[in-house]
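Please open the model in your viewer and keep the sequence panel beside it. The stops below say what to select next and what is there.

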Amino acid sequence: MTTASFATHDEPGLESDASGVALGAGRNQISAGDPERDIAFERDALPWLDDVYRFALSLTRDEADADDVVQETYLRAYRSWHTFIPGTDCRRWLFTICRNVFLRSRERQRPTVDLEDGEQDAVAAGSVYAAARERGYDDIYARLDLAPALRDAIDELSEPFRSAVILVDVEDMTYESAAEVMGVPIGTVRSRLFRGRRLLQEKLLTVAEDLGFTPAGAR
Amino acid sequence: MSAPARVQLEAMGLSSTCADVLRHLWDYLDDEITPEGAGRLRAHIAACPKCQSYELYQSCFLEAVKKLRVDLGAPNALRDKLAEGLKGQGCGCWEKVRSDR
């Protein structure tokens with residue numbers, strides 16, 4: 001892990017209850033059908049529908065499956081609204097539910113990898129860079145539109161690395177927020193993220209070679 | 001640092017300070033390290049052409065990933081289905097799901 005001078009925040013993520021909703025019950029107790037709940041749900045939860053859909057689609061990689069996950073996420077959120085703590089990050093709360101719904105729908109794909117040494121991957125990424133530089137490919141991200149290949153490479157990443165990359169790199173979450181969504185310590189998010197990035201860079205280097213990308217020095 | 005990592009660093013001909021950049025550049029670019037650590041890395045990168053190139057490479061990579069965030073919204077069919085689901089649970093704001101499309 002990191003040294004004192006480079007300390008990252010390393011705290012456990014929120015625990016989840018049996019329904020997959022972040023704990024915090026009792027702070028927002030409103031009876032079912034209460035107009036106050038509807039107003040709060042409309043104000044705090046509904047604006048994130050597009051974001052939750054995008055996240056669900058990135059997890060499922062299938063539009064119909066994403067629809068089902070989002071539907072279940074919002075219905076579960078509405079039923080469990082009393083567990084949402086007013087004033088906290090509702091988007092993060094919804095993402096947490098969304099990911100739990102997704103994982104429950106694919107029990108066999110639950111993450112089993114628990115890497116702690118993100119620095120190994122950070123250093124290994126340096127080796128990928130060295131290889132890219134040797135071949136004149138060290139400016140591929142600046143020179144090439146790798147978006148389609150990058151999207152494919154992320155789709156091919158296995159869980160839990162894909163979720164870490166999507167939450168932090170695509171959805172712009174902090175390690176802490178991603179840790180809450182994934183229900184793991186921050187150090188675990190970091191190691192998964194670094195592994196995911198390193199795998200992506202290896203993949204993109206291969207894609208550049210396969211495409212016959214002209215090295216910078218050969219132009 | 002583990003032995004394999006040390007071997008890789010030596011093979012790349014980097015100093016120990018460059019090794020700090022190698023290990024923590026992502027933390028730095030993600031704004032996830034202490035201000036002191038960030039300052040130390042920033043100072044080294046500013047004085048080290050090798051690390052400047054590496055920072056540029058990693059910055060461009062992260063920027064490329066961030067650009068994947070397209071403005072992709074929930075489809076109307078999903079909004080209709082969700083609105084019906086919320087209505088079935090007695091949610092008073094179910095119509096809002098449709099009107100937000």
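Against which helices do the buried residues of H2(A) pack? They pack against H3, H4 and H8 of chain A, together with H5 and H6 of chain B. Before selecting them, note that this is a predicted model, in which local features need pLDDT of at least 70 and side-chain atom pairs count only at pLDDT 80 or more, while totals for chains, interfaces and linings use all residues. Residues are numbered from 1 along each chain as its sequence is written, and chains are lettered from A and ligands numbered from 1 in the order in which they are written.

**Helix H2 of chain A**

Select residues 49-60 of chain A, which form helix H2; helices here are DSSP runs of H or I with at least four residues, numbered from the N terminus. H2(A) has twelve residues and spans 16 Å from its first C-alpha to its last, close to the expected 16 Å, where the expectation is 1.5 Å times one less than the number of residues. Its buried residues are A:Leu49, A:Val52, A:Tyr53, A:Arg54, A:Phe55, A:Ala56, A:Ser58 and A:Leu59; a residue is buried if 20 or more other C-beta atoms lie within 10 Å of its own, exposed if 12 or fewer, and partly exposed in between, with C-beta atoms placed from the backbone.

Next, select A:Arg61, which follows H2(A) and is found in the loop between H2 and helix H3 (63-79) of chain A. Its phi is positive, about 60°, although A:Arg61 is not a glycine, and it counts as exposed because it has 12 C-beta neighbours inside 10 Å.

**The core around A:Cys98**

Select A:Cys98 and display its surroundings. Leaving aside neighbours within four places in sequence, A:Cys98 is in contact with A:Val52, A:Phe55, A:Ala56, A:Val69 and A:Thr73, contact being defined by C-beta atoms, placed from the backbone, that lie within 7 Å. The largest nonpolar core has 86 residues, and those touching the most other members are A:Val52, A:Ala56, A:Val70, A:Leu94, A:Cys98 and A:Ala178; such a core is a set of buried Ala, Val, Leu, Ile, Met, Phe, Trp, Tyr and Cys residues joined through C-beta atoms within 7 Å.

**Two domains and two chains**

Colour chain A by its domain assignment, with domain 1 at 13-109 and domain 2 at 118-218, bounds that come from an automatic or database assignment. Between them, 14 residues of domain 1 are in contact with 14 residues of domain 2, and H4(A) gives the most to the domain 1 side, with four residues.

Then show both chains: the contact takes 45 residues from chain B and 48 residues from chain A. On the chain B side, H4(B) gives the most, with nine residues.

Select A:Pro160, in the loop between helix H7 (147-156) and helix H8 (161-170) of chain A; the peptide bond from A:Glu159 to A:Pro160 is cis, with omega near 10°. Move on to A:Asp172, in the loop between H8 and helix H9 (175-182) of chain A. A:Asp172 has a positive phi near 60° without being a glycine, and it counts as exposed because it has 10 C-beta neighbours inside 10 Å.

**Colouring by confidence**

Finally, colour chain A by pLDDT, the predictor's confidence in each residue from 0 to 100; the chain averages 78, and 77% of the residues score at least 70. Among the elements of chain A, H8(A) has the highest mean pLDDT (93) and helix H6 (residues 140-143) the lowest (76). Over residues 1-30 of chain A the pLDDT is below 50, and over residues 109-115 of chain A it stays under 50. Where pLDDT is low, the predicted coordinates should not be read in detail.

Conventions. Two residues are in contact if their C-beta atoms, placed from the backbone, lie within 7 Å. Helices (H or I, at least four residues) and strands (E, at least two) are DSSP runs, numbered from the N terminus.
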